[in-house]
Amino acid sequence: MGIDIQHVIELWPEILKAFGQTMYMIGISLAVAIIIGLPLGIILFVTDRGLFLENRVIKGILGFIVNMVRSIPFIILLVALIPLTKLLVDSTIGPAAASVSLSVAAIPFFARIVETSLREIDKGVIEAAIAVGATPWMIIKDVLLPEAKSSLVQGITLTIISLVAYSAMAGVVGGGGIGDLAIRFGYYRYDNTIMIVTVVILIVLVQIIQQLGDWTSKAIDKR
Amino acid sequence: MIRINDLSKEYETKKGSVIGVDRVNLTINEGEVFGIVGYSGAGKSSLLRCINLLERPTSGKIEVNGLDLTKLRGEQLRKARLKIGMIFQHFYLISQKTVAENIAFALKAADTPKEKIATRVLELLEMVGLTDKKDVYPAQLSGGQKQRVGIARALANNPSVLLCDEATSALDPNTTLSILRLLKKINRELNITIVLITHEMNVVKEICDRMAVMQDGRVVEEGMVYDIFSNPQADLTKEFISSVVSFEVPQSILDQVTGRIVKVLFKGNVAGEGVISDMVQNFDVRGNFLHGSIEYIQEVPLGLFLMEIQGQPENITRAITYMEGRGAQVEVVRSGH
């Protein structure tokens, strides 16, 4: 099992394209996860028992939906969401189509991460804000988010890395991407060279994301 | 003025309901510093947190400046809280915001116009003596400095009441003293009513005008701090007082003492009058101090002495009557042998 440099050069455009597709899918689904998952996670937290917007009905319904989506294996979600994908992007194949399923999977994942991050905040700080007469919106904007931001950056890092792994399955709907390349060439065609190259790319990618996340999280923390 | 009327607070736990505060009635006058003392679990923290409805009482009424807070909810309650400041044992500052931003947060809650926030923040920082720490994050401050920020935040919207939840319990004795002095200054200069809870009698002695002692959710004693220190009624109160004024004399010393042992208490200015030296001069007795101290409660002296008096029994009795005539309270602890 060796590395055939010639073969790598030959397929380099393919690898680059796949890398671009991976970035595209992760970018879109991460953006959607943050835009929808962040508010969702905040709602899950503030409607919890003993908190300032306690609401068992909302907490119960949202919690149930989040758990439900999270319990569906991604590969099934990918297929099950084909009608929704068709509706949203007018196509069921390609990276854009795969991004729909990735987003749907990432939203509840990130929402739970947000909820957990917010739970780490000392309840006393929230209480002090209530005592000062702050509005719920002020508490969210000026207490919860700033106090959790370092932990949220760690959560975003975790979400990106999970998305890298999930996106490998996007090949099922022709989504492409690095992971898909590894499966198609390495797994189905026994092309060890491509498999090794793609896996190395993925390893490097994940390492860089993790390092960047750790560094950012530390840099913005004022504690 | 704060009026607490038949207030109870029960907590639901897995083992059933637990009573935190049990039918408490208290009136705290405008401009006074009121101390609530008790061991942990006595319900003092629950009571304090009911005053600004951080905890909603199970029954009873809380009136602050004539407004029944238990009737308020949501936006109305939030507005009422703007006028009730609170500080905490662990400060609870927003760690990711600077000192100035932490104070500005409170001002924003009251919809203070942007251009006024900066000047008000500086004013408050000046009051608590932290102008140089304006742009520093809480992590870089000492405990006492953090509490000063907490005080500035609590005072931001000119409250009429300041609630202090064990505000000095996490601080060393020197810092405690400086925070207490600041609270006293705020009380005097801004005429803010202060309600504080503590388990340290020294805190009460230092700044409170009146106090209440709590046990098992109930108020067991209430009154002027001086009166309670000089004449505690409940056993628990006596226990607390003894943490400040102790009369523990080793048994080996007591065994050597042959005369009559008396406890003498001087209130107010009598403490400085030299009653004991006059007594020794006028009667044919000898006095021997075993223990004693003069405590200053709100700058009024309270003298407590444990002494042995030797001499003829009738002379001792006359000497005691003399001291009583001069305003001392005398209690014979042991009649001598």
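Predicted model: local features only at pLDDT ≥ 70, side-chain atom pairs only at ≥ 80, totals over all residues.
**Stop 1: chain B as a whole**

Along its principal axes, the C-alpha trace spans about 80 × 50 × 35 Å. Colour by secondary structure: chain B has twelve helices and 14 strands. Of its 337 residues, 41% are buried. Then consider the contacts in chain B with a separation of 6 or more: 69% of them involve residues 24 or more positions apart.

**Stop 2: the two domains**

Colour residues 2-242 of chain B as domain 1 and residues 251-334 as domain 2. The C-alpha centres of domain 1 and domain 2 of chain B are 40 Å apart. Where they meet, six residues of domain 1 of chain B are in contact with seven residues of domain 2. Which helix gives the most to the domain 1 side of chain B? Select residues 225-230: this is helix 8 of chain B, and it gives four residues, the most on that side. By residue class, the domain 1 side has three nonpolar, one polar and two charged residues.

**Stop 3**

Now zoom in on the pairings:

- Strand 11 (residues 260-267) and strand 13 (residues 300-311) of chain B run antiparallel and are joined by eight bridges.
- B:Leu265 has B:Leu304 of strand 13 as its bridge partner.
- B:Phe266 has B:Gly303 of strand 13 as its bridge partner.
- Strand 11 and strand 14 of chain B also run antiparallel, with five bridges between them.
- B:Val264 has B:Val330 of strand 14 as its bridge partner.

**Stop 3: helix 11**

Select residues 275-282 of chain B, which form helix 11. Show side chains for B:Val275, B:Ile276 and B:Met279, the buried residues of this helix. Look down the axis of helix 11 of chain B: the buried residues fall within an arc of 95°, so they line one face. What do they pack against? The answer is strand 11, strand 12 and helix 12 of chain B. Now turn to the face of helix 11 away from the buried side. The exposed residues B:Ser277 and B:Gln281 are there.

**Stop 4: B:Asn315**

Pick B:Asn315, which is found in helix 12 of chain B. Is B:Asn315 buried, exposed or partly exposed? It has 14 C-beta neighbours inside 10 Å, so B:Asn315 counts as partly exposed. Leave aside neighbours within four places in sequence, and B:Asn315 is in contact with B:Phe283, B:Asp284 and B:Val285. For a view across the chain, draw a C-alpha to C-alpha distance from B:Asn315 to B:Ile241: the two are 32 Å apart in space and 74 residues apart in sequence.

**Stop 6**

Select strand 1 (residues 2-13) and strand 4 (residues 59-64) of chain B, which run antiparallel and are joined by five bridges. B:Asn5 stands opposite B:Lys61 of strand 4. Strands 4 and 5 of chain B form a hairpin with two residues between them. Check the turn: B:Asn65 has a positive phi of about 50°.

**Stop 5: where chain A meets chain B**

Finally, bring chain A into view. The contact takes 19 residues from chain A and 22 residues from chain B. Select helix 6 (123-132) and helix 7 (136-167) of chain A; each supplies at least two residues of the side that touches chain B. Helix 6 of chain A gives the most to that side, with seven residues. Colour the chain A side by class, and it divides into nine nonpolar, three polar and seven charged residues.

Key. Residues numbered from 1 in each chain as written. Chains lettered and ligands numbered in written order. Domains from an automatic or database assignment. Contact = placed C-beta atoms within 7 Å. Nonpolar A, V, L, I, M, F, W, Y, C, P; charged D, E, K, R; others polar. Pairing = 2+ DSSP bridges. Buried ≥ 20, exposed ≤ 12 C-beta atoms within 10 Å, placed from the backbone. Arc of directions from axis to C-beta.
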